Amino acid sequence: MDDWRESQEILVMDGRIKVPYTWSAGEVGTTYLEALRDDKRFMGTRCPECGVVYHIPRMHCPDCFAACAEWVELEPQGELVTYTVARKHHPQLSPVEGLFGYGVIKLEGADTGFLHLLGEFAEGELSSGMTVEAVFADEREGSVLDVRYFRPLRGVE
Ligand SMILES: [Zn+2]
């Protein structure tokens, strides 16, 4: 009898294996997430060499490689640098009800932007350069999703 391993063509299939993993947020990440969770404050770090304020904070400047030991408190609002409006809802990708999007937001006091969700806006309301503000979750657990999303700044209600 023939050995099937010698006579059979070997076909391959592409796939993706998802491996759940848990790791420490690290010294900088933990400080950042605690301020977000406990005080609704955004913190960044400043590079002592080039002066760039990073948000999300970095332990080392990617340009100078200097240690960024200085913490800087940032405003909970900033410039919507760029964005996209999502047209299809998916429960795992869009925790925001209704019209939502993804945007790069540069908080006041920071020199770099970060990606987050956008919500509470009308069709056609968003534009690059506009000011958006953070909407915090009522129950926060030490995650970037302690900020539910950013919305257009509408002033004091
Ligand atoms: Zn630097």
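Which pattern does the protein chain follow when read along the sequence? The pattern is α-α-β-β-β-β-β-β-β-β, made up of two helices and eight strands. The model is a predicted one. The radius of gyration of the protein chain is 21 Å, whereas a compact globule of 157 residues would have one near 15 Å.

**Overall dimensions and contacts**

- Taken along the principal axes, the box filled by the C-alpha atoms of the protein chain is roughly 80 × 45 × 30 Å.
- Buried residues make up 18% of the 157 residues of the protein chain.
- Among contacts in the protein chain with a separation of 6 or more, 50% come from residues 24 or more positions apart.

- An open sheet is formed by three strands in the order 2-1-3, with antiparallel pairing.
- Strand 2 (53-54) and strand 3 (70-74) are the edge strands; each has a single partner strand, so one side of each lacks a neighbour in the sheet.
- Strand 1 (residues 42-46) pairs with strand 2 over two bridges, in the antiparallel sense.
- T45 has Y54, in strand 2, as its bridge partner.
- Strands of a sheet pair through backbone hydrogen bonds, in either a parallel or an antiparallel manner.

**Nonpolar core**

- The largest nonpolar core comprises 16 residues, and I105, L118 and F150 have the most contacts inside it.
- Two or more residues of this core come from each of helix 2 (26-39), strand 1, strand 5 (100-107), strand 6, strand 7 and strand 8 (147-152).
- L118 is in contact with Y83, F100, G101, Y102, G103, L126, Y149 and F150, once its neighbours within four places in sequence are left aside.
- One of these partners, F150, is itself listed with L118 among the core residues with the most contacts.
- In soluble globular proteins, nonpolar side chains tend to be buried together.

**S128 and its loop**

- S128 lies in the loop between strand 6 (114-118) and strand 7 (131-136).
- S128 is exposed because 11 other C-beta atoms lie within 10 Å, and the cut-off for an exposed residue is 12 or fewer.
- The contacts of S128, leaving aside neighbours within four places in sequence, are L80, V81 and T82.
- From S128 to L74 the separation is 54 residues in sequence and 20 Å in space, C-alpha to C-alpha.

Conventions
Residues numbered from 1 in each chain as written. Predicted model: local features only at pLDDT ≥ 70, side-chain atom pairs only at ≥ 80, totals over all residues. Pairing = 2+ DSSP bridges. Helix = DSSP H or I, 4+ residues; strand = E, 2+ residues; numbered from the N terminus. Buried ≥ 20, exposed ≤ 12 C-beta atoms within 10 Å, placed from the backbone. Contact = placed C-beta atoms within 7 Å. Rg over C-alpha atoms; globule rule 2.2 N^0.38 Å. Core = buried A, V, L, I, M, F, W, Y, C linked by C-beta atoms within 7 Å.
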